[in-house]
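User: I am new to this structure. Please take one part of it and walk me through it closely.

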Amino acid sequence: MEGVSVRKIKKICVFCGANSGKDVAFVNAAFHLGEVLGKRKIDLVYGGGKLGLMGCVSTAVAQHERQVLGIIPSAFTVNNLVGETCGKEIKVATMQERLVMMMELSDAFIALPGGFGTLEELFQMISWAQLSIHNKPIGVLNINGFFNGLLSFVDHAVKQEFITPRARKILISATTADELVDKLQAFRFESDPSLSKLKWSPSSSQKEKLDLTLRL
């Protein structure tokens, strides 16, 4: 990436399925992503537990002696529903609180294959970036074309003028973990001039705390 400024990424939040999926390539890619993060000395933030692809990526990061932080709703910990988190665990009350904490503690976001929960987390982060709530890079690891349909839909929404070309740039994609992390590091946030003027409610402390109670 000669000539390209590189942002410092210390922690990446990974969204992915609590199932392993039909294709063994998904499991292999999740382990490989964890290895890439470990070798690049990047810590992991994820949804906690050890099920499916979530367990694969967290195990691989821990094996490379990087920090793993699972943020998990207390409801999921009843009867050991999702298994033991591979690393430190923070329990929260709600799914929304979990996502806000993920946003605050991470420098970038990656989505692996997953279901409705993964897609919700991915698009929530994209929506918040569009609204200038954060300016952190977001990418999907497009393993064996898993996200082809989603990316085509997003491009269709751009053509139909529901998503602006500027907002489309928020979502990055790549077919390998190394390429994706490189793209996240090279990402330059381009805010919408009108949306960047929005003021999110400050807390009583000196630093601004975001009021994300509105579902976007």
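Analyst: Start with the whole chain. This predicted model has 7 helices and 7 strands. From the N terminus, the elements run β-α-β-α-β-β-α-β-α-β-α-α-β-α. The chain holds 216 residues, and 45% of them count as buried. Take the contacts between residues at least 6 apart in sequence: 71% of these join residues at least 24 apart.

Now the close look: the packing of two helices. Helix pairs are described by the angle between their axes and the distance between those axes. Here the pair is α1, residues 24-39, and α7, residues 177-186. Their axes lie 9 Å apart, at an angle of about 50°. On the α1 side, the contact is made by H32, L33, V36 and L37. On the α7 side, A177, D178 and V181 take part. By class, this contact has 5 nonpolar residues, 1 polar and 1 charged.

Strand β3, residues 68-73, is worth a look too. Is it enclosed or open? It is largely enclosed by the rest of the structure, because 6 of its 6 residues are buried. In a regular strand, side chains alternate between the two faces of the sheet. In β3, V68, G70 and I72 point one way. L69, I71 and P73 point the other way, and all are buried. A neighbouring partner is β2, residues 43-46, which pairs with β3 in the parallel sense over 3 bridges. Within this pairing, L44 stands opposite V68 of β3.

Conventions:
Residues numbered from 1 in each chain as written. Predicted model: local features only at pLDDT ≥ 70, side-chain atom pairs only at ≥ 80, totals over all residues. Heavy atoms only, no water. Axes fitted to C-alpha atoms, helices over the stretch in contact; angles between N-to-C directions. Helix = DSSP H or I, 4+ residues; strand = E, 2+ residues; numbered from the N terminus. Contact = heavy atoms within 4.5 Å. Nonpolar A, V, L, I, M, F, W, Y, C, P; charged D, E, K, R; others polar. Buried < 20%, exposed > 50% of the residue type's maximum accessible area, 1.4 Å probe, protein only. Pairing = 2+ DSSP bridges.
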